[in-house]
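Me: I've got this structure open and I'd like to go through it piece by piece. Can you help me read it?

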Amino acid sequence: MHRVFEKTNVALTSLLLVAIVGTANAGGPVDEKLIIDGELEMITRTAAPEGHPLDEVISGWHYRTPETRALEADSFQNPGMLGVELGEEYWNKVEGTEGKSCASCHNDAASSMVGVGASYPKWHAPTSRPINVELQINQCRVNNMGAEEYAFDKSGQKPLTAYIKHQSYGKPVKLDLEEGDMKAWWEKGKELYYKRTGQLNLSCASCHEKNNGKYIRADHLSQGNVNGFPTYRLKQAGLISTHNRFRGCIRDTRAEFPKAFSDELMALELYVTWRGTGLSVETPGVRQ
Amino acid sequence: MMPNRCSAAGLALSVSVALAVVSGSAMSDGPVAPNDIKVENLEIANSVSGASGDAAEGRKVFANRKQGNCLACHANSEMSEQLFHGEVGPTLDGAGSRWTEGQLRTIVVNAKAVFTENTVMPGFYSLDVGADVRESLIGKTILTAQQVEDVVAYLTTLK
């Protein structure tokens, strides 16, 4: 009974939409290329991997205003680059009882870290779970440097993560789902992506799959990909981490949100990163 | 059928307690609890607050980001003074001609009862909500019964 009713409504709706084109916002992603400094062409649209619900994977860059897009296209103007430069300082900073910095073991990040940011989260056998760049940094700090873990979003965590991911600038995202239990975590992440939460009863898919390209009040909904993270948010005037963004979106459904690096958010990061397979790493992306 | 689906025993209990309090004073008036609302032929025939709606008040609730925030998802030419109309749902121009008052009430109370389980439109006077609801909002509805009536009164003016 509901179905029949819905059909009638859809028909009515489309008639109406034709009638009021004048007031509707220009939806959809812009048809433009992202070429950094006129040199490095980013893959911002690509065919979706097998098993993906959408035909095409599109970077959030395509949904932003001309001004915001221009900021990202010019690495000198990109305000996130300051965070990346700060990250380089953390890379070279000696900390902990072993008297080492990241550079002590990994030397020049420009060669040793290429491709790292495009391939995380990765399976981590010692802890039997997937880890992201933030958690890998913490592993190194504790096990190799004799330093303390960074707390979520604190101290060098965001800049150093941005610096490491930036070494994959332009490289397409590609995860290895064959390792360990990655597939089971992918499944769990998928379940969470479609789980409707909060008093508003919305899932990630409600906004980023069903309605990407449309405006929700003043916000132009993208596919919610993470290839630009940590990303510079103009609204917050700083780098924003992946888990902070996830928590913000869940909070907006008026739900309690999981802890950063919890099993839930790690599974979600793994699954959402996979949904952006083939997109260039844009870290640091620029968003509104 | 769906709004009456009250699976959790605790929920059923608290509803009947609430009703007992209400019926203790005056049986006729006062708001109907969300789980007690009857939908027939997609319509909720009577006011859920027990009083009639105020369209001018409903117009405010409709636009207010902390209340209805209906503009997040719907364009509405009658409100052209407001910036930023969303596109997630259909425009509401003419909604008052397309739907009866009783149907509009059902849509606002629990859109799932008119569309499908999959609709992204939230239920504004429903406890059939998503998982992990923020603790301070458990058992609460987005709008009060009277705000629902006010919004419905406003929607009926959109001819």
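Me: Is K112(B) buried or exposed?
Reply: K112(B) is buried, with a relative accessible area of 7%. Buried means under 20% relative accessible area, exposed over 50%, and partly exposed in between (1.4 Å probe, protein chains only). Keep in mind that this is a predicted model, where local features need pLDDT of at least 70, side-chain atom pairs need 80 or more, and totals for chains, interfaces and linings use all residues. Residues are numbered from 1 along each chain, chains are lettered from A and ligands numbered from 1 as written, and side-chain values use heavy atoms, without hydrogens or water.

Me: What does K112(B) form a salt bridge with?
Reply: Its partner is E117(B), with the closest N and O atoms 3.8 Å apart. A salt bridge here is a side-chain nitrogen of Lys or Arg within 4 Å of a carboxyl oxygen of Asp or Glu. E117(B) has 38% relative accessibility, so it counts as partly exposed.

Me: New topic. How many helices and strands does chain B have?
Reply: Chain B comes to 5 helices and 0 strands. Along the sequence the pattern reads α-α-α-α-α. Helices (H or I, at least four residues) and strands (E, at least two) are DSSP runs, numbered from the N terminus. Of the 159 residues in chain B, 47% are buried.

Me: Back to chain A. Which residues of helix α7 are buried?
Reply: Helix α7 spans residues 133-145, and its buried residues include V133(A), L135(A), I137(A) and M145(A).

Me: What do the buried residues of α7(A) pack against?
Reply: They pack against α4 (102-106), β6 (129-131), α8 (157-166) and α12 of chain A. Just after α7(A), G146(A) takes a positive phi of about 65°.

Me: Where do non-glycine residues have a positive phi?
Reply: R217(A) is one, with phi of about 50°. R217(A) sits in the loop between β7 and β8 (219-220), and at 5% relative accessibility it counts as buried. R254(A) is another, with phi near 65°. R254(A) lies in the loop between α11 (242-251) and α12. R254(A) is buried too, with a relative accessible area of 19%.

Me: Last one. Which peptide bonds are cis?
Reply: The bond from Y120(A) to P121(A) is cis, with omega near 0°. P121(A) lies in the loop between α6 (116-119) and β5 (122-124). The bond from T283(A) to P284(A) is also cis, again with omega near 0°. P284(A) is in the loop between α12 and β11 (286-287).

Definitions and conventions:
Contact means heavy atoms within 4.5 Å.
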